[in-house]
Amino acid sequence: MISAGTNGADIGRGASVTLSDLEKTYDRASAAPKDVDRVSLDIRSGEFLTMLGPSGSGKTTTLMMIAGFETPTAGDIAIDGKSVVAMPPYRRNIGMVFQNYALFPHLTVEENVGFPLKQRGVPKPERARLVAEALELVHLPGYGARYPRQLSGGQQQRVAVARAVVFKPRLLLMDEPLGALDKQLRENLQLEMRRLHADLGITFIYVTHDQEEALTMSDRIAVMNDGKVAQVGTPEDLYDRPENRFVAGFIGESNFLPAVVRGVENDVVIAECDGAVIRALCPGRPASGEKVTLTTRPERLRFADSAWIGEQMPQNCLSVTVTEAVFAGERCRYMLQAGDGTSIVLKEPSSAAIRRRAVGERAEIAWSVADTILV
Amino acid sequence: MSEVAQPASLALAVSRPQTAPFDWRRAVPLLLAAPLLLYMLVFYALPVVAMLLRSVNDPSWTLSHYATLFDDVVFQKTFWITFNTSVTVTLGCLILGYPVAMGLVRAKAMAPFILVIILLPFWTSVLVRSYAWMVLLGRHGLVNEALLALGMIDRPIRILNTPLATQIAMIHILLPYMILPIANALRQIDPSLIRAASGLGSTPFMTFRQIILPLSMSGVAAGTLLTFVLALGFYITPAMVGGPRDITLSMLIAQQVDQLNWAYAATLSAVLLATALAILAVARKLPGVGNAFRTSMR
C-alpha cells in the first residue's frame, strides 16, 4: 500500500466522507441562490454514491469541494472523520477522473498513469510494476508507449481511470466520466465501473446527470436540485418512494394527481381525487382537507378489465378517457384524461393477447396502493 | 431568393468543366493582395536584391568581399558582440517575461490592464524609448541618483554607453515579443490539466515543472526566436545607449554606408540576413519549435 492513512483494520479499504452543511456561493454580493446550499451527506466506506441532478444543481461544485479545487463558503468536509477543508488538493490523496479525462498530452500513457506515483516518490521499478497493473485493470495492457491523442475516447477514459486508481487512493471521484462517449460504449463502461468498484473496494463518488447511469451503477443516489439534496437513497428507494415532486419527476416518468386528504389510516393516506377515493403511502400525517399531490409510475397502471391485475394489494381505481394511443414495440403508451382534466400516462406491456384501446374510449384504470406515493 | 438563384448556379457548376477551364473565383485572393504585392516587389524586394547583389558584383563579379571577412578582425569582433548581445538580451527577456506571461494568463479582471502596460511601450517609438533610457541611465540620471541616495555607491557610476545599458534598453524594448507568444501558449493549456495534476498529488511547483513548463515550450521557442532574430538586427538602441567601442553588426553596416563603402555594407547585410535565416531554418527542425512555427503562422 502506498497511500498514507491506511493505518490498521479499523477502517476499510474505502474512505468515509461526511459533508456537513456544506455551502458554496460564487457571487456573495447578489441575493442569487447559493450554488451549493446546506448539503449534508454521509458517504460510507466502500460505497458507490452518485450525485445526480440537472446542470446547475450543484453536484459538480460539491465534488470539486471534496477534491479541494473549490473552497466551501461554509460547512465542513471530513474524510475518515478528519476535516480536509484547509488541506490543498495535492495532500488529500483522492483519485479523480475528469469529464474530459484531463490526460497530459505531452506524456505517454505510461507516464500519465505513473504521474501520481512519481509525485509520491515511488522508485522507478516499483512504478513500472504498478502502472502495468493499473493498465491491466482497465484492460489496456501494451498501450503504455502511446500518447493520449493516439487513443480513442473510450481508451482515454480507461487511462484516466487507471491514473486515478494507480496510487491506491481510498476515495475515487468521477465527474461525468462517460459523458463524452456514445451510448453503446457508455453502457459497457458502466458495467466496468461497477466491476472496478467491486474489485477495488474503495469509495466511489460519481457525478452524472444521466438517471439511467445513476440507477444502474449506484449503491445510493443523492438527487441534487438548486444546490440542495432533494433525496438520498438506494435506486429502489428513489424510484418507488420519491419524497418530493422533483425526485418523482426527475427519476423516471411520473403521473401527478391533485387530491384532497380525507383521512389517514396507519401509513396510508385516504384522499379524494376526481371524485374517486385513492389510497397512497405517506410517512407523514397530512391534515384532513389538505390539498396534496399523489404520484404513480406509468408502467404500474393497468386497465381494470385486463387480466393483469393481481389481488395481493388493495387497488386504486379511476375512470378515464383515452386521448392518445401509441404502439412502441415492447409496450403501448396511452395518454389518458381523468374527469377533472388531469393527464395520466399509462404504459402497458404489449401482447397480441391484449386488446388495444382506441382514442375516445372510456376506461377504468387500476393500480396498487403500494405504487401510490404522496409527495 | 436563393431558391431562384439555385438553378442558375447549378447549371454553371455542371457546365464548368467544358466552358470554364480557369476558375476566376480562386484568383480573387491573389487579386486582392496584388496591389500590396506589387508595392512590396518594387519598393522592397527589388532594392534588397539590388543591394545584396553589390556584395558580389562591385566592381565586377567576385566573392572577394566575403573572402576578406575571414581575416577581418573588426568584422569578427562585431559579429561576436552582436551575437553575444542577442543571446544575453533573449535570456533576459525570457527570465523577466515568463513570469509576466503567467501573471497575464492568471489575472482575470486585471488582464486587460496588464496587457496595456505590456503593450504601452510597444506603441511608443524606439527612438523615444532609447532617449528615455539615456535620461534614466546617465551620469546624473534617475538610476545613479537612486543608488547614491540609497548609499550603495559613493559617486555616479558609468552605465550609459556600456554594453549593460544596451542590454537593459533592448530587453525593455523586446519584452513584448517574448511575453505575448508565451502567454498565448500558456492560455492554451487546459486548466483541468493543472487541477488533475494537483489532484494526483503534485505540488504547485511540481505541476509547473512537469506540466505547465513543457506545455508552454512552443511559446517559449517562438518568443525566443522572435526576440533573438530581432535583437540581431537592432540598430538605434545600441547606437544611442551602447558603448562607443561596442559596435554591433547593424552599426557597422550604417557606418560603411556613411562612408559610401557599399560593397562592404552589402556583404555585412548579407551575412546578417543569412545568420537570421540560418537560425530560423535550424530552429524549425528542432522538435517542438516546428509546431510553434506552424501555430504562430496560423
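Guide: In this predicted model, Asn161(B) sits in the loop of chain B that runs between helix H7 (142-149) and helix H8 (163-187).

Visitor: What is the phi of Asn161(B)?

Guide: The general idea comes first: most residues other than glycine have a negative phi. The phi of Asn161(B), in contrast, is positive, near 65°, in a residue other than glycine.

Visitor: Is Asn161(B) buried, partly exposed or exposed?

Guide: Asn161(B) counts as partly exposed because its relative accessible area is 27%, and buried would require a value under 20%.

Visitor: Which residues of H4(A) are buried, and why do they line one face of the helix?

Guide: The general idea is that an α-helix has 3.6 residues a turn, so residues three or four places apart point the same way. In H4(A), the buried residues are Arg127(A), Leu130(A), Val131(A), Ala134(A) and Leu135(A). Viewed down the axis of H4(A), these residues fall within an arc of 135°, and therefore they line one face of the helix. Pro125(A) and Glu136(A), on the other side of H4(A), are exposed.

Visitor: What covers the buried residues of H4(A)?

Guide: The cover includes helix H3 (109-119) and helix H5 (153-165) of chain A.

Visitor: How does helix H6 of chain B read when the steps are repeated, and how many residues has it?

Guide: Helix H6 of chain B, residues 126-137, has 12 residues; its first and last C-alpha atoms are 16 Å apart, close to the 16 Å expected at 1.5 Å a residue. Its buried residues are Arg129(B), Ser130(B), Trp133(B) and Leu137(B). These cover an arc of only 100° around the axis, which puts them on the same side of H6(B). They pack against H7, H8 and helix H12 (236-241) of chain B.

Visitor: Which residues of chain B form a nonpolar patch on the surface?

Guide: The patch is formed by Leu36(B), Leu38(B), Tyr39(B), Met40(B), Leu41(B), Val42(B), Phe43(B), Tyr44(B) and Leu46(B), with about 970 Å² of accessible area together. One of these, Leu46(B), lies in helix H2 (residues 24-53) of chain B. Leu46(B) counts as partly exposed because its relative accessibility is 49%, whereas exposed would require over 50%.

Visitor: How many helices and strands are there in chain A?

Guide: Chain A has 9 helices and 20 strands. Its C-alpha atoms fill a box of roughly 75 × 50 × 45 Å along the principal axes. Of its 375 residues, 50% count as buried. Chain A exposes about 16,800 Å², and carbon and sulfur atoms supply 50% of that area. Among contacts in chain A between residues at least 6 apart in sequence, 69% join residues at least 24 apart.

Terms used: Residues are numbered from 1 along each chain as its sequence is written. Chains are lettered from A and ligands numbered from 1 in the order in which they are written. This is a predicted model: local features need pLDDT of at least 70, side-chain atom pairs count only at pLDDT 80 or more; totals for chains, interfaces and linings use all residues. Side-chain values use heavy atoms; hydrogens and water are left out. Patches are made of residues with over 30% relative accessible area and no salt bridge: like charges are joined within 9 Å, nonpolar side chains (Val, Leu, Ile, Met, Phe, Trp, Tyr) within 5 Å. Accessible areas come from the Shrake-Rupley method with a 1.4 Å probe; for residues, only the protein chains shown count as cover. A salt bridge is a side-chain nitrogen of Lys or Arg within 4 Å of a carboxyl oxygen of Asp or Glu. Helices (H or I, at least four residues) and strands (E, at least two) are DSSP runs, numbered from the N terminus. Buried means under 20% relative accessible area, exposed over 50%, partly exposed in between (1.4 Å probe, protein chains only). The arc is that of the directions from the helix axis to the C-beta atoms. Contact means heavy atoms within 4.5 Å. The expected span of a helix is 1.5 Å times one less than its number of residues.
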